[in-house]
Amino acid sequence: MTAVLYSASVLCPMTGPPLSEGGVLVAGERIVKVGRAVELRRDAVREHHVEGVLLPGLVDGATQVELGAATALAAPGPYVPWMKAVSGYTASWSAQDWAGSARRGVHLLLRAGTTCAGDAVLRGAGVPAAARAGLGGTSWVEVGWVDNREHDQVVTALERTLALEAPGRVVGVCAASPIALGTGVLQALAELAGRADVPLHVRAARNAAEALAVREGRGPLADLATQRGMEFEWLDGGAGCSPVRYLDACGVLRASTSLAHGLALDDGEAELLAERGVTVVCTPRADADLRAGGAPLKSYADAGVALALGTTSPAISATCDVLAEARAWARLARAQGLQDWPGRPGSHRTRSLEQQALRLVTVDGARAMGWDGHAGVLAAGRQADLVGIELATTAHDAEATVVTDGSGRQVLTVVAGVRRARR
């Protein structure tokens, strides 16, 4: 089989330290060898060189490719008006419009170097769009604005959906938000995900308004639910607890659960998430744009919560560039007083915030999301997913420089040995 060499000034395989003048030898869909380019050239029939850094394909822990055509809505502002704007913008979309928007969303991910993503699916078009592009990861079928009156129909329809084939994609369940579902429906979704043994995703603890709605059944998000005619159980005086405690009581928090945002936490809730094995997908750019604040990163570091990074939606972060998310995460951590990041439990080693941010969009993020079998590192035998970033740096500084200066400089994306995007 014909072997192709992808080389760069610096190779960051994420299995060890960066390597000067490194390369990845690819045959078909797989990586054959990783090492110094000069030693791999004799086995290659052609070479593609990047004047910069070569990395594993990036990992985006939470996005919505079906909103790829809604980038015009990506402007700073409060959450509720943004949510209403999305509903109005897409209200007249046909099935063809949703399909085209999903293809656009996938293209945005590939241009940004993402080859593995968690995608919340609103209408279904996101699954075939991601599958055709060869994106790894999970497609979560999103359920929102459903109360006890539609409980049975929704659960039955979701069971049928989970049984459909989706080549190359794992299909799971997305609970849109604790304020967009009735208590019984949320419990049923968690039970179905457990019974079907599929991943469960939820967007929660995202702002103070959500916490007020869940705890006391009042505020702007509770008013929105009432305006939409929802008969949610928690609207009657609230659940009397925080969103995270509420999710736990509903059986949502488990080892196969990922929770996007995770900003509004009470004391001890980071430890609870760690104990349950929940992965938190941090979304610092979206949180800032929606004026929600920042995730409590020190609490997550102290508790040992598994983290990933996500761009959330093209309608919030128009570029879908998870490297920009990594840069924002490192800045947020530093602003909260963190100087470095602890290593794995039991280890006394620490990493710089930029080194850890890069790991969150590669090896550590893939592990946290359950995708480490096919994403996050460059190693022989792995699927040939990689990204090239045009950037002047050295092996000593590459990991930090990619995070601080790499966003927007992705020039090559390879998925399963096929060049899917290049500039």
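Alanine 27 has arginine 30 as its bridge partner in β3. The model is predicted, so local features need pLDDT of at least 70, side-chain atom pairs count only at pLDDT 80 or more, and totals for chains, interfaces and linings use all residues. Residues are numbered from 1 along each chain as its sequence is written, and side-chain values use heavy atoms, with hydrogens and water left out.

**The sheet**

β2 (residues 19–27) and β3 run antiparallel, joined by 6 bridges. Strands here are DSSP runs of E with at least two residues, helices are runs of H or I with at least four, and both are numbered from the N terminus. Two strands pair if DSSP finds at least two bridges between them.

β2 and β3 belong to an open sheet of 7 strands. The order is β3-β2-β1-β4-β15-β16-β17, with mixed pairing. Which strands stand at the edges? They are β3 (30–36) and β17 (418–422). Each has a single partner strand, so one side of each lacks a neighbour in the sheet. On average, neighbouring strands are turned by 35 degrees against each other, direction ignored. Such angles come from axes, lines fitted to C-alpha atoms (for helices over the stretch in contact), and run from 0 to 180 degrees between N-to-C directions.

Valine 414 stands opposite arginine 419 in β17. The β16 and β17 hairpin has 2 residues between the strands, and alanine 416 takes a positive phi near 50 degrees there.

**Helix α4**

β16 and β17 are also among the elements that cover the buried residues of α4. Others include α3 (95–111), β6 (114–121) and β7 (136–143). Covering rests on contact, meaning heavy atoms within 4.5 Å. In α4 (residues 126–133), the buried residues include Gly126, Val127, Ala129, Ala130 and Ala133. Just after α4, glycine 134 takes a positive phi of about 80 degrees.

**Aromatic pairs**

The whole structure holds 6 aromatic pairs. One of them joins tyrosine 89 and tryptophan 93 edge-to-face, at 6.1 Å centre to centre with 70 degrees between the planes. Rings of Phe, Tyr and Trp (its six-membered ring) pair if their centres lie within 6.5 Å; planes under 30 degrees apart are stacked, over 60 edge-to-face, the rest tilted. Ring pairs link Tyr89, Trp93 and Trp98 into a cluster.

How exposed or buried are the two partners?

| Residue | Relative accessible area | Class |
|---|---|---|
| Tyrosine 89 | 34% | partly exposed |
| Tryptophan 93 | 16% | buried |

Buried means under 20% relative accessible area, exposed over 50%, and partly exposed in between (1.4 Å probe, protein chains only).
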